[in-house]
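I opened the notebook to look up a few local features of this protein. Here is what I went through, entry by entry.

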Amino acid sequence: MLRDVFKLKSVKIITIQMNIGKKWTCEEEGKLLQALKNQIPKRKIADAHGRTSGAISSRIRHIVIRMIEKDGKSIEEICDAMSIKPGDVRRIMKNLVGIK
């Protein structure tokens, strides 16, 4: 039993390490956006992508910034596209440009 638990943890660690530092593909980013729309928890998204929760949060910030700067999306459009709260978008914007 203990050996089985260790094997499961080892597999999870190996899976996460598979994608650490790797560039995100358009396909992977699309899957991330779909998972967010389906309100899947970040931890489960991270496991599915072989990345850490921090990597998922970082990619979300990256996408929000791109949607604001390059696509000219409003907070409402971003929230709708990603199923995140307006306060989360405002926090990212505040950190980006120092908005109060």
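**Entry 1: a salt-bridge network.** I started with charged side chains and found Glu-29, Arg-59 and Arg-66 linked in a network of salt bridges. This is a predicted model, so I read these contacts as the model's own. I then checked how open each partner is. Glu-29 is buried, at a relative accessible area of 10%, whereas Arg-66 is partly exposed, at 26%.

**Entry 2: other salt bridges.** How many salt bridges does a search of the whole structure find? I got six. One that I looked up joins the side chains of Arg-51 and Glu-28, at 2.9 Å from N to O. Arg-51 sits in the loop between H3 and H4 and Glu-28 in helix H2, so this pair ties together parts that are 23 residues apart in sequence. I noted that both Arg-51 and Glu-28 are buried.

Glu-27 is exposed, with a relative accessible area of 56%.

Entry 3: Next I turned to helix H3, residues 42-49, and asked which of its residues are buried. I listed Ile-45, Ala-46 and His-49.

Then I asked what covers the buried residues of H3. The cover includes helix H2 (26-37) and helix H4 (53-69).

**Entry 4: H3 against H4.** Two packed helices are described by the angle between their axes and the distance between the axes, so I looked up both values. H3 and H4 pack at an angle of about 100°, with their axes 8 Å apart. The two helices are therefore roughly perpendicular to each other, as angles from 65 to 115 degrees count as such. From H3, the residues in this contact are Lys-42, Arg-43, Ile-45 and Ala-46, and they meet Ser-53, Ile-56, Ser-57 and Ile-60 in H4. By class, I noted four nonpolar, two polar and two charged residues.

**Entry 5: positive phi.** I finished with backbone angles. Most residues other than glycine have a negative phi, so I looked for exceptions. Gln-39 is not a glycine, yet its phi is positive, about 55°. I placed Gln-39 in the loop between H2 and H3, where it is exposed, with a relative accessible area of 64%.

Ser-83, also not a glycine, has a positive phi of about 55°. Where is Ser-83? I found it in the loop between helix H5 (75-82) and helix H6 (86-97). Ser-83 is partly exposed, with a relative accessible area of 30%.

One glycine went into the notebook too: Gly-50, which follows H3, has a positive phi near 65°.

Note on methods
Residues are numbered from 1 along each chain as its sequence is written. This is a predicted model: local features need pLDDT of at least 70, side-chain atom pairs count only at pLDDT 80 or more; totals for chains, interfaces and linings use all residues. Side-chain values use heavy atoms; hydrogens and water are left out. Buried means under 20% relative accessible area, exposed over 50%, partly exposed in between (1.4 Å probe, protein chains only). Helices (H or I, at least four residues) and strands (E, at least two) are DSSP runs, numbered from the N terminus. Contact means heavy atoms within 4.5 Å. A salt bridge is a side-chain nitrogen of Lys or Arg within 4 Å of a carboxyl oxygen of Asp or Glu. Axes are lines fitted to C-alpha atoms, for helices over the stretch in contact, and angles run from 0 to 180 degrees between N-to-C directions. Angles under 35 degrees count as roughly parallel, over 145 as roughly antiparallel, 65 to 115 as roughly perpendicular and the rest as oblique. Ala, Val, Leu, Ile, Met, Phe, Trp, Tyr, Cys and Pro count as nonpolar, Asp, Glu, Lys and Arg as charged, and the others, Gly among them, as polar.
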